[in-house]
Amino acid sequence: MNNNQGSKTYLFSIVMVAVLGGLLFGYDTAVISGAEKGLQAFFKGAKDFTYTDGIHGFTCASALIGCIIGSSLSGIFASKFGRKRSLIFAGVCFFISAWGSMTPESYVLPYGEPTWNLLVVFNLYRVLGGIGVGMASAICPMYIGEVAPSNIRGMLVSWNQFAIIFGQLVVYFVNLVILGSHANPVYDAVGAVANMADAEWTITTGWRYMFGSECVPAGLFTILICFVPETPRYLVMIGQDDKALGILTRINGLDKAREILSDIKNTVTVKTEKLLSYGFMCIFVGIMLSVFQQAVGINAVLYYAPRIFKDMGMDNEMVFTVVMGVINILFTLVAVFTVEKWGRKPLLIWGSIGMAIGAFGVALTFGREGMAFITAASIMVYSASFMFSWGPICWVLIAEIFPNTIRGKAVAIAVAFQWIFNWIVSSSFVPMFNMHLTAGDDFGHWFTYGLYGVICVIAAIFVWRLVPETKGKTLEDMSRLWKKDK
């Protein structure tokens, strides 16, 4: 390796390990979509309590509680223990959660007997996995942003979103393979499983394999993250300048490394500053980026995709879900390869417009005779527009928009708001979607997607008016940008 050129191979190898955290993020949040029907039928067999739809909704969303906790703690962990060790902790949470969700009996409770205690333990394991997701969602893009050169930082952070969507696609396939020729349970008018003979394996065993499958990527991530370096910016913050220079040299070459190190030291004069040291607007913009990423309603589609396609009258909802996953992957690549050319703001604005068109299309056509194809196409437009804009670009901006000395705390707050609004959107979707003004009308359908469409329009205006363009700027430039605007 030329000491003045740096090694892109080294850079890409450590970024790809960090990106595995994004894959686990996607895997863990989407695994429930395939397992929830078998899980529901399993706990409906409990004799010591009644497993209601409300309890099932909480169980499906319990991981989001952990996500809020993990993202809220990520700033403390990242600042006190470093980015690398925090990611190792997240990996351990992923693995224990996957194993425990597969066998919540934990060799203590009777195996295969649905009880209230077993449900509590299962949810605790899911919350633990959520803590890992919350940690990874904040720290993985932070890690990538802090090791990446400014000219390709947006592209490399965008790979984290690609990994999230790829993780969701992988688990859609894994769930499909695990299900195989077995059937998901179907309920009759009184709520009993109507196809018990066909669905028995899914109810007793299938959902366990789906959760347990995450042990493989979780174990791989936890092992590999031990071999990546700490970020140079964190090392400077704790006074290890020589180590920081060594890592920067391997990535950028010696001359550029000295220049970057000097710039970091000029902005990291103290380990931390007060959160509002750079003004209220700095924090507000970061928080609202997170809020809009969730408020546009995308996770209502991703989490409930099989049910939505089923309601459209599609015969094989899992296949349509996989097709949507493939489209999402392709449009995420659009962002990866254009973010450094077109910039952050144009992608967010055009994505917001595309999402609004898709959402309004669903609102106007859902449930109307002969329009199922247009509804499905609108869902795809809505989802694809998110994938080249708010999906990856929000993470890019959150990773780079905050000054060094408040980044840990500011990212933690922004990502915590993201998970709070994720929970709000996910938990409100079904009751909103099923609202009726009169018996049998489609009020809930058009109101829900109409609301998401309006929020998309507001998001476009927010980006146009308030979000600064960060393309080509170093992380140290952020301090000067917000000091100037304060």
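The notes start with the ground rules and then go residue by residue.

This is a predicted model, in which local features need pLDDT of at least 70, side-chain atom pairs count only at pLDDT 80 or more, and totals for chains, interfaces and linings use all residues. Residues are numbered from 1 along each chain as its sequence is written, and side-chain values use heavy atoms, with hydrogens and water left out.

Entry 1, Glu-230. I found Glu-230 in the loop between helix H7 (215-225) and helix H8 (232-237); helices are DSSP runs of H or I, at least four residues, numbered from the N terminus. Glu-230 is buried yet has no salt bridge. Buried means under 20% relative accessible area, exposed over 50%, and partly exposed in between (1.4 Å probe, protein chains only). A salt bridge is a side-chain nitrogen of Lys or Arg within 4 Å of a carboxyl oxygen of Asp or Glu. I looked for the nearest side chain of opposite charge and got Arg-83, 5.1 Å away; Lys and Arg count as positive, Asp and Glu as negative, and His and the chain ends are not counted. A polar atom of the Glu-230 side chain lies 3.1 Å from the backbone nitrogen of Arg-83 and 3.2 Å from that of Lys-84.

I placed Phe-331 in helix H13. Phe-331 counts as partly exposed because its relative accessibility is 34%.

I placed Pro-346 in helix H14 (residues 344-365). Its C-alpha atom is separated by 28 Å from that of Thr-405, 59 residues apart along the chain.

Note on methods. Helix = DSSP H or I, 4+ residues; strand = E, 2+ residues; numbered from the N terminus. Polar contact = N/O pair within 3.5 Å; in protein donor to acceptor, adjacent residues only side chain to side chain.
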